[in-house]
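I have the structure open and the notebook beside it. Here is what I looked up, entry by entry.

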Amino acid sequence: VASTVGLSNVYGVLADDLRNTLWVCQTASGGRGGAPVVGQTALRSFDLTTGAAKGTYAFPANSGVCNDVAVAANGVVYVTESFRGRIHRLTPGAGALEEWYSAPQELNGIDGVALLADGALYVNDFFSGTLHRFAVNADGSAGPKTIIETSIPLSRPDGLRATGPQTLVQAEGQGRVTELTVTGTRAEVRVLQEGLTGATGV
C-alpha cells in the first residue's frame, strides 16, 4: 500500500473492523536547519479489505507528529499530536479534523490514546510518564481531565490500546509491555513482558 498511495513516515496504525477502515498517522519529515519539508502530516484512512485510499485529513500548519489513533463506539476518531500537546477529532462524515483539546506545556509528549467502557478518552505522555483521562461531554467536547495514579511508575509510555472494559495494554520505551486496570482514579499496573528493545506499539 505505502508505495502506491504515497505513505511515508508512519506512526500509529489502527484497524477499525466495524467500519472496514485502516487509520494511519503519517508525519512530514525534514524542515530542520533549512532542510525542505517532505510529505504531509495527516491522518489517513484506507479500505481495510482492498487497501484503497479513502481519505486524507491534514494537520494544522507547523504541526508536530501525528502519533496515535482511537475510534469511539459512535465513530468519532481521536488522534494525538506529539510535541504540540493536542488532540484532534474527526466526526463521522466530516471532511477535516477539528482541535478537541490543546495544552502544549502540559502534554507536550502526548502519545498513545484509547477509550474504555466508561466512555472516557485515555492518553499517556511519553516525557512525564503519566496517564490522563478526559471525560467526553454530552455534546462531544472535552470534559475535565484527571491524572490517573499508577501502582508503579511508567517509563516512557507509548502505544496504548484497550483490551477490556477497564483494561489497557501499553508499550513502554524502556522495553516493556504493561497491562493497566483502571478503577476510579487509580490504575493497577502489571508487567506482561520486559527486556524488549524499543517497545513503541501494541
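**Entry 1**

I began with strand E6 (residues 77-82) and strand E7 (residues 86-90), which run antiparallel and are joined by five bridges. Strands here are DSSP runs of at least two residues, marked E and numbered from the N terminus. Two strands pair if DSSP finds at least two bridges between them. Looking across from Val79, I found His88 of E7 standing opposite.

A note on the source: this is a predicted model, where local features need pLDDT of at least 70, side-chain atom pairs count only at pLDDT 80 or more, and totals for chains, interfaces and linings use all residues. Residues are numbered from 1 along each chain as its sequence is written, and side-chain values use heavy atoms, with hydrogens and water left out.

Next I traced the sheet: it is open, has four strands in the order E5-E6-E7-E8, and pairs antiparallel. E5 and strand E8 (98-102) each have a single partner strand, so one side of each is left without a neighbour in the sheet.

**Entry 2: Cys66**

I found Cys66 in strand E5 (residues 65-71). Is Cys66 buried or exposed? Its relative accessibility is 0%, so Cys66 counts as buried (buried is under 20% relative accessible area, exposed over 50%, partly exposed in between, with a 1.4 Å probe and protein chains only). Leaving out residues up to four places away in sequence, I listed what Cys66 touches; among them are Tyr11, Cys25, Phe59 and Val79 (contact means heavy atoms within 4.5 Å). I also checked Gly12: its C-alpha is 7.7 Å from that of Cys66, although the two are 54 residues apart in sequence.

**Entry 3: the eight-strand sheet**

I then followed an open sheet of eight strands, with mixed pairing and the order E9-E10-E11-E12-E16-E15-E14-E13. Strand E9 (110-115) and strand E13 (157-162) are its edge strands, each pairing on one side only. Inside the sheet, strand E11 (residues 130-136) pairs with strand E12 (residues 142-150) in the antiparallel sense over five bridges. For Arg133, I noted Thr146 as the bridge partner in E12.

**Entry 4: Asp125**

My last stop was Asp125, in strand E10 (residues 121-125). What does its side chain reach? I found the backbone nitrogen of Ser128 at 2.9 Å from the side chain of Asp125. Beyond neighbours within four places in sequence, Asp125 is in contact with residues including Glu106, Asn108, Thr130 and His132.

Key: Polar contact = N/O pair within 3.5 Å; in protein donor to acceptor, adjacent residues only side chain to side chain.
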